[in-house]
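Thanks for making the time this morning. I would like to walk you through one model, so please have the sequence and the structure open as I talk.

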Amino acid sequence: MQFITREFLKEKPAKGAELGFGKYFTDYMFTMKYREGRGWYDGKIEPNVPQRFDLAANVLHYGQGVFEGMKAFLQPDGRIAIFRPDENWARMNRSAERLCIPRFSAETAEKGVEILLDAERSWFPTDPGTSMYIRPAIVATKAALGVHASSEYLFFVLLSPTGNYFKHGLAPLRLIVETTYARAAVGGTGEAKCIGNYAASLLAGKRAEEQGFDQVIWLDSAEKKYVEEAGSMNMFFVIGDEVVTPALNGSILPGITRKSCLQILRDGGYRVSERRISAEEVAEAAESGKLREAFGTGTAAVIAPVGTIRYLGKDYTVGGGKIGEIAQTLFDTVTGIQSGRLPDPYGWRKYIK
Ligand SMILES: *Cc1c(COP(=O)(O)O)cnc(C)c1O
């Protein structure tokens with residue numbers, strides 16, 4: 001694979017700096033191109049510098065683009081391990097298919113990322129809870145204003161050193177159930193990590209913040225009854241002795257953290273249901289004291305406990321504003337496997353060679 005070196009390296013964030021999420025990017029990126037008739041070609045590592053685009057590029061007008069998010073962790077023995085990358089590549093190809101973007105080789109992408117991670121070893125944060133966030137994306141680059149699938153694409157992978165989400169202690173989220181806007185509809189693009197979904201979610205998120213909430217709980221678009229997700233996380237509830245997460249219905253993004261949590265819970269002997277769950281059921285469970293926990297799952301936070309849910313103007317408190325036992329167990333198990341603190345019975349750590 002070609003490796004184009006850059007003349008000047010960037011300044012790295014100071015030791016102990018607030019890394020936050022998605023603020024810093026490393027020196028290099030992995031890229032490859034696609035042209036109709038040729039397929040994917042020219043995979044290489046090159047300097048991550050601002051790019052020039054034709055402003056007629058399809059992605060800038062019609063949003064033909066998909067992305068992914070995963071993390072790599074520095075292990076106690078100095079090796080680097082990525083958490084379940086095969087799942088992300090498979091999902092990215094499914095997202096691509098939905099957006100009429102040509103499939104790519106997961107092996108080529110994985111090889112590119114492994115070479116990139118190895119080259120950017122000096123950018124790895126070392127504090128507990130930190131990681132290297134990996135952001136692959138594919139965008140349609142052909143300059144053409146007809147509403148058609150592009151004949152040219154750019155695939156790229158950026159690396160972003162990321163801080164400990166819960167460094168300042170864990171403040172449970174305040175969520176408001178969104179009853180006006182919908183994130184996605186069955187038959188739409190909700191199952192795909194497609195860029196347009198996120199633009200469409202911004203207004204509801206902004207209104208929630210203006211009212212003092214962290215994010216919205218999305219309901220199904222048809223009946224505005226059933227819980228789908230929270231912001232851009234999957235949602236779990238503990239009601240009595242049942243752990244419930246909305247069943248994948250075509251408009252919910254199939255999270256890899258969700259899938260990992262389901263496996264850990266089932267193997268831990270918990271009663272787990274993937275089913276429809278209405279906002280009303282959640283409110284009633286909260287009222288009767290049966291709602292023991294609520295939390296979101298996703299790559300960025302892993303587990304984000306929920307302390308308050310507002311539904312139809314009424315606030316419901318969950319778990320006394322503290323992280324619940326099941327959320328804590330899941331957090332410890334997933335982050336333990338990711339960081340190498342715990343054994344990896346499922347083979348979720350993929351070590352780079
Ligand atoms: C990425 C994403 C998730 C979480 O998926 P993970 O694979 O667990 O990171 C959930 N919902 C939406 C809408 C997402 O984009």
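What you see is a predicted model, so please take every value I quote as computed from it. For this protein, that assignment gives domain 1, which covers residues 2-163, and domain 2, which covers residues 173-337.

Let me begin with how the two domains meet. Taken over C-alpha atoms, the centres of domain 1 and domain 2 lie 28 Å apart, and the contact draws 20 residues from domain 1 and 18 residues from domain 2. Between them the two domains bury about 1600 Å², and 62% of that area is on carbon and sulfur atoms.

What about the polar side of this contact? Ten residue pairs are in polar contact between domain 1 and domain 2, counting pairs with both residues at pLDDT 80 or more, and the salt bridge count between the two domains is one. On the domain 1 side that touches domain 2, strand E4 (65-67), strand E5 (70-74) and helix H2 (85-98) each supply at least two residues, and the largest share, six residues, comes from H2.

Now to salt bridges in the structure as a whole, where a search finds 20. In one of them, Asp127 pairs with Lys15, with the closest N and O atoms 3.9 Å apart. Asp127 sits in the loop between helix H3 (106-119) and strand E7 (131-140), while Lys15 sits in the loop between strand E1 (2-3) and strand E2 (28-35), so this pair ties together parts that are 112 residues apart in sequence. Another is formed by Glu87 and Lys259, whose closest N and O atoms are 3.0 Å apart.

Finally, please turn to strand E13 (residues 242-246) and strand E14 (residues 271-275), which pair in the parallel sense over five bridges. Between these strands the chain passes through helix H5 (residues 256-267), and this β-α-β crossover is right-handed. Within the pairing, Glu242 has Arg271 in E14 as its bridge partner.

Key
Residues numbered from 1 in each chain as written. Predicted model: local features only at pLDDT ≥ 70, side-chain atom pairs only at ≥ 80, totals over all residues. Heavy atoms only, no water. Pairing = 2+ DSSP bridges. Helix = DSSP H or I, 4+ residues; strand = E, 2+ residues; numbered from the N terminus. Right-handed = clockwise from strand over helix to strand, strands pointing away. Domains from an automatic or database assignment. Contact = heavy atoms within 4.5 Å. Buried area = accessible area lost by both parts, 1.4 Å probe. Salt bridge = Lys/Arg side-chain N within 4 Å of Asp/Glu carboxyl O. Polar contact = N/O pair within 3.5 Å; in protein donor to acceptor, adjacent residues only side chain to side chain.
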